[in-house]
Amino acid sequence: MTLEKLKRIAAAASSSAIILLVVLIAIMISQMTTIYGKKAKIDQLNEEIKQLEQQQEELNDNIDIWISEWKIEERARQLNYIFPDDK
């Protein structure tokens with residue numbers, strides 16, 4: 001092999017390595033932005049889950065209150081008690 005041919009091979013290898021490095025960095029950046037986007041979505045969904053759980057607790061409390069008031073009214077009517085607005 002001549003010196004000229006070795007220089008061409010070295011230049012081709014160097015440029016190939018640089019192109020490969022640029023492609024790999026671009027893929028890495030793309031993957032990182034995708035990961036950060038997914039993490040943001042996960043955080044948003046976790047916050048929404050917390051809000052929905054809080055709403056569920058409030059609804060369960062309201063149901064318990066309604067059931068207990070209903071039961072009290074039912075028992076009062078069984079005992080022939082009437083409310084002032086009843087006719």
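Reader: How far apart are the mean positions of the positive and negative charges of the protein chain?

Author: The mean positions of the 11 positive and 14 negative charges are 20 Å apart. Lys and Arg count as positive and Asp and Glu as negative, while His and the chain ends are not counted. The place of a charge is taken as NZ of Lys, CZ of Arg, CG of Asp or CD of Glu.

Reader: What kind of model is this, and how are residues numbered?

Author: This is a predicted model, in which local features need pLDDT of at least 70 and side-chain atom pairs count only at pLDDT 80 or more, whereas totals for chains, interfaces and linings use all residues. Residues are numbered from 1 along each chain as its sequence is written, and side-chain values use heavy atoms, with hydrogens and water left out.

Reader: How many helices and strands does the chain have?

Author: The protein chain has 1 helix and 0 strands. Both are DSSP runs numbered from the N terminus: helices are H or I with at least four residues, strands are E with at least two.

Reader: What span does α1 reach?

Author: Helix α1 covers residues 3–78, which is 76 residues, and reaches 110 Å from its first C-alpha to its last. That is close to the 112 Å expected at 1.5 Å a residue; the expected span is 1.5 Å times one less than the number of residues.

Reader: What about the chain overall: which box do its C-alpha atoms fill?

Author: Along the principal axes, the box is roughly 115 × 20 × 15 Å. The radius of gyration of the protein chain is 36 Å, but a compact globule of 87 residues would have one near 12 Å. That radius is taken over C-alpha atoms, and the globule rule is 2.2 Å times the number of residues to the power 0.38.

Reader: How much of the chain counts as buried?

Author: Of its 87 residues, 1% count as buried. Buried means under 20% relative accessible area, exposed over 50%, and partly exposed in between, with a 1.4 Å probe and protein chains only.

Reader: Why does S30 count as partly exposed?

Author: S30 counts as partly exposed because its relative accessibility is 37%. S30 is in helix α1, and its C-alpha is 30 Å from that of A10, 20 residues apart in sequence.

Reader: And L3, is it buried or exposed?

Author: L3 counts as exposed because its relative accessibility is 60%. L3 lies in helix α1, and L3 and E47, 44 residues apart in sequence, are 66 Å apart, C-alpha to C-alpha.

Reader: Which residue just after α1 takes a positive phi?

Author: That residue is N80, with a phi of about 65°, although N80 is not a glycine. N80 counts as exposed, at 67% relative accessibility.
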